[in-house]
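Have the viewer ready, and follow along section by section.

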Amino acid sequence: MKIVVCVKQIQNPEIPAAQFRIDEEAKVLIPVSGLSPVLSPFDEQAVEAALRIRDRAEEGADIEITIVTIAPKGARAAIKAALALGADNAVLLNEPTFDGGGGYVTARNLAETIRAIGDVDLILTGRQAADGDAGVVGLGIAEILDIPAITFARNVQTADGVVTVQRVLQDGIETVEADLPALVTISNELGKVRNASMRETMRAAKKPVKEWTPEDIGLDETQVGSSATRYELERLYIPVNEIECEFISGDTPAEIAATLAQHMREENLI
Amino acid sequence: MTDNKSGVLVVVEVEDSQPIDLGLEMLALARRLTGIMGGTVTAVAFGTGLETTGETLTAYGADQVLLNDNEIFTNFHAEAWLPDLSKIITEVEPALVLIGHSESGTDLAPRLAFRLDVDVATGCESIDIVNGRPHMTRSCFGGLAREVITFTKTPALATIRSKSQQALVPDMKRSAEIKHVSSILDVNAIRTRVVNRDREKAVGVQMESAKVVIGGGLGLGGPEGFKTLNEIAELVDGAVGASRAACDLDWCPRSYQIGLSGRTVAPELYIAVGISGASHHMAGCGNSKTIVSVNSDPKAEIFKSSRFGIVGNSQEIMPALAEEIRKLKA
Ligand SMILES: Cc1cc2nc3c(=O)[nH]c(=O)nc-3n(C[C@H](O)[C@H](O)[C@H](O)COP(=O)(O)OP(=O)(O)OC[C@H]3O[C@@H](n4cnc5c(N)ncnc54)[C@H](O)[C@@H]3O)c2cc1C
Ligand SMILES: Nc1ncnc2c1ncn2[C@@H]1O[C@H](COP(=O)(O)O)[C@@H](O)[C@H]1O
């Protein structure tokens, strides 16, 4: 079975707000210096989901896990992390022409990459990339390839050409299945990602990483990156938060609580 | 623009035969936008038991209502919605399509965009019209930044965040054309099969409509902390939510999660207890009218978004608050 996991490398999404910077003029993120980029968290969990499928597979089952990323600015950290976790190989689309695509172009280019890889049974993506927070690319790939898609998975299993997914609902869980090939987007409820083992980390450096150009996926330069995009970024900014916090103090918890309760009563909330 | 597309189409979700609040909020947005760029507001609802839905949607701002009343639409299933919705949008030719940024909307909208070969802006907080084109403002970078985007192809699709808009006061005198459409769905074309669905029975006040929401985080120290929060919520007819970190540790049900990848609330009062105030969390409660936070760390980020702050131990403050509220109510 061939599994493709689409991953994106991003700036650590959990940095303190005070360190986060935007260049409003250029409408881009200013990377925090000295901070190493990471695999987008849901994508890291998508790699984990693929590894769990392989862990559960019968002895001798041939499961190949390929990492795919569009990363014109490089994605060394993300690829290394994914391979060290246990993925087998990677395809990297890192030509400058791939830059500035946006959701529509990214989905289209990833779909063509998956076609070029050939005979892929299962595609895993994150529910959303933790920089743009869009949640568009996974479903887009499925629509373009005309295969079924199941979103927000917390558990993915495959057997006999069928993928079975526990899908997270706001107030519960549903079990959904589809025939392969299919695409599944992974949510944080999948849980903890394993630590890279020493053995896999050592092997990672020797795993094959292919670098593909637009021609390798059957597209010309007008079909990739910003030349194919249909959206315009008008503005990018950090919203200002002008709230002045008034601290409620008192000698005892009871006194503090009484003041808060009194406020609530005045606001007609009690 | 050179095409004839105009107006706004709103996809309204229906629950127990009633349009959900988010649908009504989007109708208000659609009215405002058509007021600027012209065209009409079309509301589309899929479901069962839609006898009164047309009138309701009219009162809240629709000029035209299309109802697809059919057993197959009792429960949401993206693949079942797609063929009919694509056909309706192709026929109505709106310039803009609004879909709720809800559990189903986030599953539906991207598929719909690619099927129609257009683009979608997810999780929008506001939309303005500049030179006749929708400029969509959405949160990105985990809530730390906002981007304003436009699309060169129409219709533009946008999913709208709950509580980012305010529904209009219903006007029963409004009239609209209410049409029933019949489904073109071929059920054999549905490729994903729901084999089991397990929803927790909602108890107490729903978070989205509660006037008071109390959110608990890791600073509660453990699952017991949620007991006190539940007690207070009951006293004030409020609801309890949580940070993702608390949900991840199973201190509370998954459904409590507020934030970027959880629910969106905008109550009169949000009390954040032992929550650090990560942008991912604030993305789900930042529109609350008043935020009060209880945190042992005076430098906690959450105080920057709070109207009132209490620096203290949640395990002391919260039981005391329960006690004081009880006294006031006595
Ligand atoms: C892509 C992405 C999506 C995410 N989505 C969400 C989401 O939807 N919702 C969400 O909530 N998070 C989300 N997160 C996680 C988020 O970034 C934070 O990690 C999380 O909100 C932290 O939860 P917390 O505030 O409970 O815990 P912490 O950050 O650990 O904060 C605990 C707080 O409690 C205080 N405290 C400690 N002891 C006490 C005490 N005795 N009394 C009072 N206060 C005390 C501490 O000072 C601290 O401020 C997401 C993260 C990513 C990367
Ligand atoms: N540049 C990229 N390269 C590879 N995969 C991507 C890229 N961008 C997005 N994805 C995948 O698509 C998912 C959703 O992304 P988005 O629609 O941008 O939120 C991510 O979690 C990734 O799995």
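This is a predicted model: local features need pLDDT of at least 70, side-chain atom pairs count only at pLDDT 80 or more; totals for chains, interfaces and linings use all residues.

Taken alone, ligand 2 exposes 480 Å², and the protein buries 95% of that (accessible areas by the Shrake-Rupley method with a 1.4 Å probe; for residues, only the protein chains shown count as cover).

A note on conventions: residues are numbered from 1 along each chain as its sequence is written, and chains are lettered from A and ligands numbered from 1 in the order in which they are written. Local features need pLDDT of at least 70, side-chain atom pairs count only at pLDDT 80 or more, totals for chains, interfaces and linings use all residues, and side-chain values use heavy atoms, with hydrogens and water left out.

## The shell around ligand 2

How many residues surround ligand 2? There are 17, and the closest are Cys6(A), Asp43(A), Gly135(A), Val136(A) and Val137(A) (a residue is near if one of its heavy atoms lies within 4 Å). By class, nine are nonpolar, six polar and two charged (Ala, Val, Leu, Ile, Met, Phe, Trp, Tyr, Cys and Pro count as nonpolar, Asp, Glu, Lys and Arg as charged, the others, Gly among them, as polar).

In chain A, strand E6 (64-70), helix H3 (102-117) and strand E8 (122-126) each supply at least two shell residues, and E6(A) gives the most, with three (DSSP runs numbered from the N terminus: helices, H or I, of at least four residues; strands, E, of at least two).

## The cavities

Rolling a probe the size of a water molecule over the atoms shows where empty space is left. Searching the whole structure turns up two cavities of 30 Å³ or more (on a 1 Å grid over the protein atoms alone, sets of points where a 1.4 Å probe fits but cannot get out; lining residues have an atom within 4 Å of a point). The largest has a volume of about 90 Å³, and its lining includes Phe20(A), Asp131(A), Phe141(B) and His280(B). That lining counts seven nonpolar, four polar and one charged residues.

The second largest cavity, of about 50 Å³, is lined by ten residues, with Arg133(B), Pro134(B), Phe151(B), Thr154(B) and Ala156(B) nearest its centre. E8(B) gives the most to this lining, with three residues.

Definitions and conventions
On a 1 Å grid over the protein atoms alone, a cavity is a set of points where a 1.4 Å probe fits but cannot get out, and a pocket is an open set with protein on both sides within 12 Å along at least five of seven lines; lining residues have an atom within 4 Å of a point. Grid points are joined across faces, edges and corners, and a volume is the space filled by probe spheres set on the points.
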